[in-house]
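Reader: I would like to learn how to read the features of a structure like this one. Could you take me through a few of them in turn?

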Amino acid sequence: MTKWTEWDAPKERWLLTERERGGWPRSLLFELCTRIVFPTVLVMSVYLLLAGHNDAGGGFSGGLVAGLAFVLRYLAGGSAELAAVRALRPPVLIGSGMSIAVITALVPAAFGAPILSTALWTVTLPLVGTFKIATSLFLDIGVYLLIIGVVLDLLRTLGTGIEQGGLDS
Amino acid sequence: MLVAIVAHFAVAAALPAIAKRWGRNVFYVAALIPAASLVFALNRLGGVLAGAAPEESLAWAPGIGLEISLRMDPLALLMIVLVSGVGALVLCYSARYAKPGGEGITRESVLLLVFAGAMLGLVLADDIFSLYLFWELTTVCSFLLVGGRGLTPAIRRSATQALLVTGFGGLAMLLGLILLGTAAGTYRISEIIAHPPGGAVTSVAVVLVLVGALTKSAQVPFHPWLPAAMVAPTPVSAYLHAAAMVKAGVYLVARFAPGFSDLAAWWVPVVVLGLWTMLLGGVRALREHDLKRLLAFGTVSQLGFLMVLVGSGGFVTALAGATLILAHGLFKSALFLTVGVLDKATGTRDIRELSGVGRRWPVLTGFVVLAAASMAGFPPLLGFVGKETAFTAFGSGGARDTIVLVCLVLGSALTFAYSLRFVVGGFGTPQGKTPIAATWPGQGLVVPMAIPATAGLVCAFAVPWLEPLLAGYADAYPGHGYHLALWHGFTVPLGLSALVVLGGYLVHRHVQRAGLPDVRWPKYADAQAGYRAAVRGLDALARRVTGRLQVGSLPVYLGVILLTAIVVPGAGLLAGVDSPGPLRLWDSPMQVPIAVLVLVATATVLVARRRLTAVLLTGVIGYGIGALFLVDGGPDLALAQFLVESLTLVVFVFVLRRLPERFVRDDRPPGKKARWTKAVIAIAGGVFVAGLAMIVSASRDGLPDVSREYIERAEPSAGASNVVNAIIVDFRAFDTVGEIAVLAVAATGAASLILGAHRARRRPERDETEEVTG
């Protein structure tokens, strides 16, 4: 019988892990699953972004889902996994998201409408059919990019903290 | 007009691409835009002079009454001649001044063009918010241009001083302008001046506006930033610190003077500080050996002169002010560009080293003499016309006018002396000194300098044709009948001018022979020491306040937040408490198991010993709340809650790696008192939030009007069947943009802090290894 103060101490490892040279505990199963799921999650995030106008979702949720996809990759393999997306530098993502949102906000002023007003377009594509686009979608895209940037920034900063200091202790 | 301003920014955005191909010739491309703006503005000259000032306005947020409105009246047009005309010249000059393939070309060309656009907007703006926006844009550009790439501490200090002083003034000005606008009931500048408000508030507002103008135009006691900013490249100094930016303060005073020049709160500070600045700048200029710093103190002095003229009101005074604004822009930019030419040709700007340049290049020297003579107020140049008019304006014989006149004559004599010092020191050949080695800097540098120098001469003779423009501004005051001219006959002002020339010559001779007596200012009168003391004091205050408030203990922060939340809204809740009405146990049976789960998790958190356990249990609570949202029919809210909860968990885990595994170390149990305090605060907080939730939700009957409107309008006006999304991206889109801006700033700030902490932690380790290996 353990002391009651010890009841929440972990008793065993949940997954078999192997330590890499870098010191990052590595689980093959986790890594494999993550890699398989990763593209699907990204597609899901884009779906949420586009569907937000009529169903649950939106730029914020979509961005978070995409961000969580990167979080999964990171948890599975450390920053080596994230090297795959090194081209997406977080400050650039945050900046372009912000820029897209602000430009979307200002463009209506050029057409004599108040800023941030929405226009509706109805587009008919062959084979695909007719659908409606609201210009506020671009604002949502800006939010989406910015959120991804923020999550990646978290991984970059807090994550490197773990790798440099946390694992040793 | 708006198109012209936007064109500056748009082309500035394209300049980096052009600079890659064309190198330093990119400045010529940039020069096209101010040149085109100038042509465009002069094209409107007829209409402007006829009294029909072209106006444009763009209501970009009509819901809250915000618009950009522009207005081109004679004063604005006069300033455009300086801003865009000198801007184009300086950009052309930079194309030859910059080193081919130098590193700063892209940066400097972009910033100069953005600055030109901001300055154009500043002089055209007719509402106080646009004015403030462009005003601060010029401040920021100035900081970046003065700071350059921030290579030395001196440069960084100078740039920071310029930013802090003018930024402080800008904020004071904004406050003053808002007070004025509120008192007048309109934010249009032209309307405020046409119907100036009265009362004590106006006096306060006017003083605040003046603080902005005085800091920007480097008046005593804010002047030291301008000479310090001379670390900037010469073209930048010629444009920002002679022709354009420092004129912004003069412009602001000129703009508001027709409405407020009768107020004592307006004219006393303007006239007293202006005269003081004029004399102080003149004396300091005589002391300098660096030609550029000499010119900088000369600018300070001349700006004081301009302040007195445009600020004190009256037709002739305003006419003199307008004439001298033009004259000063022309001769001072020419002289600054001359310093750049000398610097390029000889490698020095020091009077004690320069010698023989005048004999070698007589034509160049001729242009310099033209510009310097205009500065000295020597006939037949535009500076002379302006100075004569100024002397006439204050020649009424009244006590106030006479005091001002005496100071102006003294200041002008000093101006004559330092103009002479500039020409003789920079271009003369002292006896027994070998001429300095020099290489011809090329036409590309001399022509942009020669144009404004010659313009001072041409304008003086063309003054009858120029007068409608200058008088167009002065017409805001009653009393006409004075005309600008080179020759008015043998009058008192002419006699005073002769006195100025004689006095200036004697001062110069004395300074050259004996030097100035070295007067040590008492400490409290030294403006630079005052600036340093102010900055140090602010730092100390900030440290003390931060030390008191940010004690670094998370429980203390949480306790303060909770107690505030309990006391402030809690008192209001008790004051207007309503019985919550009949309570239901649940709306849907699904709520019961979820609530039980949340309660169990909450109870377990309390007994958790390890941080990780507590974090996971908090996660359970969060997911439970999300599930409750789902049951209540808020899928959007639930989705966001689940996602944020997941992300928070991960972030928690990241952070936990840095913290001890357990909350409490077994060998150091916490005190009983602290535990009880925490428990009481926590329980009170919980009870308060629960009570608040019950009372608030009970007091709500049916949908509020806002919600009903949102639901009705989501489909027709936002094109969205998801009302939540319609609110986020359409109805309250302004909030969304604000929120993501906050998010971006917070993320960037957090990243900087964390990365900075890593660097700080790694540095000592590296030092150790260096010590070991070294």
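## Reading burial, packing and contacts

Author: Leu50(A) has 20 C-beta neighbours inside 10 Å, and therefore counts as buried. The model is a predicted one. The cut-off used here is 20 or more other C-beta atoms within 10 Å.

Reader: Where is Leu50(A) placed?

Author: Leu50(A) belongs to helix 1 of chain A, which covers residues 28-51. In sequence, Leu50(A) is 90 residues from Asp140(A), yet their C-alpha atoms are 8.7 Å apart in space.

Reader: What can be said of chain B as a whole?

Author: Chain B has 31 helices and two strands. Its C-alpha trace spans about 105 × 75 × 55 Å along the principal axes. Of the 774 residues in chain B, 44% are buried. Taking contacts in chain B between residues at least 6 apart in sequence, 78% join residues at least 24 apart.

Reader: How does one describe two helices that pack together?

Author: Two packed helices are described by the angle between their axes and by the distance between those axes. In chain B, helix 15 (residues 315-346) packs with helix 20 (residues 443-461) at an angle of about 150°, and the axes are 8 Å apart. That angle makes helix 15 of chain B roughly antiparallel to helix 20 of chain B; the cut-off for this term is over 145 degrees. The crossing of helix 15 of chain B with helix 20 of chain B is left-handed.

Reader: Which residues make the contact between helix 15 and helix 20 of chain B?

Author: From helix 15 of chain B they include Leu326(B), Leu330(B), Phe331(B), Leu337(B) and Lys344(B). Helix 20 of chain B contributes, among them, Leu445(B), Pro448(B), Met449(B), Pro452(B) and Cys459(B). By class, the residues of this contact are 15 nonpolar, four polar and one charged.

Reader: How many residues does each chain give to the contact between chain A and chain B?

Author: Chain A gives 48 residues and chain B gives 47. On the side of chain A that touches chain B, two or more residues come from each of helix 2 (59-77), helix 4 (90-110), strand 4 (129-134) and helix 5 (136-166) of chain A. Helix 5 of chain A supplies the largest share of that side, 18 residues. The side of chain A that touches chain B has 27 nonpolar, 15 polar and six charged residues.

Reader: What does the UniProt record place on chain B?

Author: An unreviewed UniProt entry places "domain: NADH:quinone oxidoreductase/Mrp antiporter transmembrane" at residues 125-414 of chain B. In the model that span is 78% helix and 0% strand, with its end C-alpha atoms 36 Å apart. UniProt, again in an unreviewed entry, places "domain: MrpA C-terminal/MbhE" at residues 675-754 of chain B. Residues 675-754 of chain B are 86% helix and 0% strand, and the end C-alpha atoms lie 31 Å apart.

Terms used:
Residues numbered from 1 in each chain as written. Chains lettered and ligands numbered in written order. Predicted model: local features only at pLDDT ≥ 70, side-chain atom pairs only at ≥ 80, totals over all residues. Axes fitted to C-alpha atoms, helices over the stretch in contact; angles between N-to-C directions. Helix = DSSP H or I, 4+ residues; strand = E, 2+ residues; numbered from the N terminus. Parallel < 35°, antiparallel > 145°, perpendicular 65-115°, else oblique. Left-handed = near helix turned anticlockwise from the far one by under 90°. Contact = placed C-beta atoms within 7 Å. Nonpolar A, V, L, I, M, F, W, Y, C, P; charged D, E, K, R; others polar. UniProt positions renumbered as here; feature names shortened; annotations may be inferred. Buried ≥ 20, exposed ≤ 12 C-beta atoms within 10 Å, placed from the backbone.
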